[in-house]
Amino acid sequence: MKRSKNSRLYVPTPKLRVRATRKLRATEEDESFISDNISGHDNTDNIPEYNDTEYISNFRGNTGEAESSSEMTNEEFKQQLPEYNMDINDNYQPSSDIDTTDTTEEILMKNIDDSHRSLLDIVEEDEEDDSMNNSDVLEEESSNFEGFDSEYGPYFPNFTSTMIFIWITKHMISTSAYEDLAKILTHPEYRKEDITKNIRQIRKWRDRLPLVKVRKHDVPLSMQRTPSTYASTKKAFTISPLTHLERILKNPLIMPKMYFGPGIVANEKREFWHGELWQDSLLFGESKIRTTNEEFYKAGEFLIFREQSSTFMCRVRSVVNDEMDNNTLKLKVDMLLKHEKLPNCRPNDNRHTRGNNMELWLVEGEAKLVNPSNVVQRIIVWLCDMPEPDEYDFYIKEIVYSFDSRWKYRDIASRHRLPYENITIMQSRQNLPILKVFLDIYVDDFGTYRNVYHSLGGVYLQIGNMPSTLRKQLKNHFLIGFVPFGANFNDFIKPIVQDIKSLENGRVMQTLYGDAWVIGGIGCVTADLPQGNDLAAVKRHGANHGCRTCNVSNDQYTDPNYNYIKNARFQQQTNERIAEIESQHLRMDQDRLATKYGLIKPGPLNDLKWDQHLQTPQDAYHSMAGKARTLLEATFNIFNTNGENDFLEYWKRIEKPSHWSRMPNPLRHRQSFMFSDVLRLAMLMPFILQRFLESHHIKTDALNNWHKNSGIRRNLVASKLCACWAIEAKALKLAFSITMTENTYQELQETLKKEREMLIQIFPDTFTNLPNLHVNMHLLQHARNFATLVNTAVGVKEMVHRIFKTMVPHMNRKEIELDLTRRYNTIQALRHFIDGWTDPRFNTRPNALPKLIADPNIYTILTAWYATENFNTINSQEFEDKQDDDNITICCHNSNFIDISLNSRWSAKKVNDRGLSKKLDYKHPFFQDISVSYREHFNSKEAILNRKLEFYNSISYTVLKDGQDPIRLKIHIGDIVELPEESEGIAYAKVKSIFRHQANNGQYYAFFFFDWFQATNIMDSVLECPFYNIQKPEESRWFQIFPITFIDRNPCVFFIHNCGNTCNTEHDEGNRSYILNRYYYNAV
Ligand SMILES: [Zn+2]
Ligand SMILES: [Zn+2]
């Protein structure tokens, strides 16, 4: 951030247009401007404290609708709670940090419930304020209203309103259901004569939809888990991945955005095809290349190539597209070294002499890109873990690799074999274009934790060929099926494994662009921690050797010297071990070997062409958030009463982004703290601790222990804890980066290392041998394999599963899996229609369904439900507060900004209290800026006629962008926004006012008033975050009023006041220093 006051002043910035002359303003008006600064959005002081039941019902949904039928979910929650408590009380022993709690459920319930709340609840809520004053009467009849003059007395204006009120009350119609109905009834195309009175008739229309084939097969039930009255088998229902693929490849919204091609080497890595796995696998990427002289090179070949004046030997891994060099196709190679080039090898080492110049060394983890035109010739090299060929020029017995920044050697047998060694690709006979498909399968199976009747296990499919913007959308998580309660995942998945095998062999499929030869396979399989080990056929964390990526024993989980690279689990080694176990005649010997290797009997996934250790990455979401929760617990445990009280005070008081939902009290209710709460609290922790923590807040024995064991002096403990939380917050933010570069990878690796050292130094009893901390060692490799950690983190995937779980109470209890699958089938059929998919049965008939999404009157009916919603729309629904009720339509000069609503209008008193005026005369501080804004953005040069302003707490609107789902925004006073500034990149501003004005054309427009932040180039040394100064009220060199088009995405930046002695319960507005919270991001 190099921006300074001066650059603001003198460098022209066309977007924001720096004002060159000072504007005259009356001083008293300027001063009054400061007022709403902090108090405006620091609304956390009055959060009521929840007791446990309140909190539970709060996120379980307190609607009448849910209460009447939600025993199952509540019961389920209670069943899970004891386990959760046990986790906490056990102080996170290695075997118990497995997380079984519902992590994203809470976000979801809040969102879903808000939109599904019964209108009655809202009405009652609105009246709550009045009844509060009236101490012992909840409500009573009132004659204090202006009645209607209608045949329905003063109560209702007419027949329609009367009946709708009765209907809403009788059936407990939710707000969103009513609003949707209102939109249909008021739509110009609505005809009352088209209404079908018989709902059974309407339900039958489902049968006409292009439903996909749902198959059934019998699965055995395990008797311990089901009541004994059950049959011994049950029907499982599955939708084939091939069926989904057929629809997806013909979906005109998805197919054009999908990528099928060689792996790409990019600076900013975001997509699966930027990762090593895609690049190297024939199933997804490219394995051969033809040069200009008709020569073919392919993966697995050994070559000599020339670079400048020297020659090198190498092995080809794959063919990739080098985005940083003009999208040239290149060979991605591993270098082969002769003995004289070996690193870390003394002159007297026998490696120099033993091979008679026939021995080479394979360098691992340092792949290079070479231009195929520089190849000199092929060579034959024998990798000594393979059968010896008849003739060869060189052989390789050892690998050279770097561990902890040092070069080391290991046997060639301990290598990760490349996909070309196990996979051959079948060509199509008709010479069709080839599409290679990356399957990403997610399993949410509570496994042994599914001890609750009718808890739901789900299996979902994502297609890695979609860009991340599509993949993160809930609707692009495709249902494979629900594992029936009491059944085993391995039995459930069998038909799906057959489908995937047939895809591995290739098949002809129709696409939007004609027939294609489609090949594909498993890209990755993800699950929560314990189940992920099952999929890799590795014993769970509690067992010795319970890591699915390496052979570590459980007493070395956090040993920094443990060589997880040399001791990785290699596929060929696991296969040999499995064969060894299976060849034992005695059960006892089998068990003994299984324990020795930490392996379990492999499931049907083992028949697929994949590497079960590389392609079942450890879930960053659970491991990172789990670790943060452990640290939270450890931190709270060292506070004395004084520390706890002060922590709570400062936690309540600290600024929080306005779109965050309320968090439960972290000290008293940490058992009910969800992962999303943990991630958010972790963003604030360094700042909270820095504001208050001193050594007198910490238990004496903790202080003594640190001094005795680690030599940390009393007076340094507080800043050490701050620094520890700053590292933790940084690690979390890096791990959840949506794009990663080579620098991010390095920074992540360094931060994870620092994190491990810090946690073990400060809380050795808690973190030593913690499996979640062991996962740190593997995260970098997972990130490289799949481009980012977010790509394989299960946060959003879990959310999809929760959506189905919330439907369970509304289902016929006997056949939940069937009912949910049928409902999903209907939703997906509609979804493909809305996307513009053509039903091959009626491809010549017109179909207006795709047009509905573009209809501004009803598009909202099609959003915010599973089939069409995207992540942004749910997030922004978190709280729609009271809308302006005067029915004025706000418009925007840009037609892509629609559905604008201003919320919570300020009373005249509030406007005055904030030192503003609703009367826009030429003396008004906004006058000149508004005039300029009309001139610049609306092209209106006339003088302002209308002289009235109305102020609001927040504004919501929808931004339509080409080819993207609409983004719903909600901007609140006090939010901090990023604005592009041409000369400086990004500038930060705080939303100070939101107001509307009627333009000369009679239309109403909405505007923002910003206060700008100025960089100081000074950093906080402990927090490693930069300081900024917010502009002074009298500094009016910059434009401060802008139309809403200046904010077209939800804000993702956050500042915290740099409090000094002058701040107490209210922040001192005179202190204009703020800290940019660099650890802030939008957590799932
Ligand atoms: Zn490991
Ligand atoms: Zn302050």
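What spacing do the donors of the zinc ion (ligand 2) follow along the chain? They run H-x1-C-x3-C-x3-H.

## Before we start

This is a predicted model, in which local features need pLDDT of at least 70, side-chain atom pairs count only at pLDDT 80 or more, and totals for chains, interfaces and linings use all residues. Residues are numbered from 1 along each chain as its sequence is written, chains are lettered from A and ligands numbered from 1 in the order in which they are written, and side-chain values use heavy atoms, with hydrogens and water left out.

## The zinc ion (ligand 2)

So who holds this ion? The protein donors are H1057 (ND1), C1059 (SG), C1063 (SG) and H1067 (ND1), sitting 2.0 to 2.4 Å from the zinc. (Donors are N, O and S atoms within 2.8 Å of the metal, or 3.2 Å for Na, K and Ca; water is not among the atoms, so sites may look incomplete.)

C1063 is buried, as its relative accessible area is 14%, while C1059 counts as partly exposed at 27%. (Buried means under 20% relative accessible area, exposed over 50%, partly exposed in between, using a 1.4 Å probe and protein chains only.)

## The zinc ion (ligand 1)

Here C547 (SG), C550 (SG), H774 (NE2) and H778 (NE2) coordinate the metal at 2.0 to 2.3 Å. This site is tetrahedral too, with angles of 105 to 120°. Its donor residues are spaced C-x2-C-x223-H-x3-H in sequence. C547, in the loop between α15 (529–535) and α16 (571–582), and H778, in helix α26 (residues 776–786), link distant parts of the chain, 231 residues apart. (Helices, H or I with at least four residues, are DSSP runs numbered from the N terminus.)

Both C547 and H778 are buried. C550 sits in the loop between α15 and α16 and is buried, with a relative accessible area of 0%. Beyond its neighbours within four places in sequence, C550 is in contact (heavy atoms within 4.5 Å) with residues including Y562, Y564, H774 and H778.

## The nonpolar cores

A nonpolar core is a set of buried Ala, Val, Leu, Ile, Met, Phe, Trp, Tyr and Cys residues joined through side-chain atoms within 4.5 Å. The largest has 139 residues, and F647 and W706 touch the most other members. Helix α22 (residues 714–735) gives the most to this core, with 13 residues. Apart from it lies another core of 50 residues, among them V911, L916, Y934 and F1009.

Notes. Helices (H or I, at least four residues) and strands (E, at least two) are DSSP runs, numbered from the N terminus. Four donors count as tetrahedral if all angles lie between 85 and 135 degrees; four count as square planar and six as octahedral if opposite donors are over 155 degrees apart and all others between 65 and 115; anything else is irregular.
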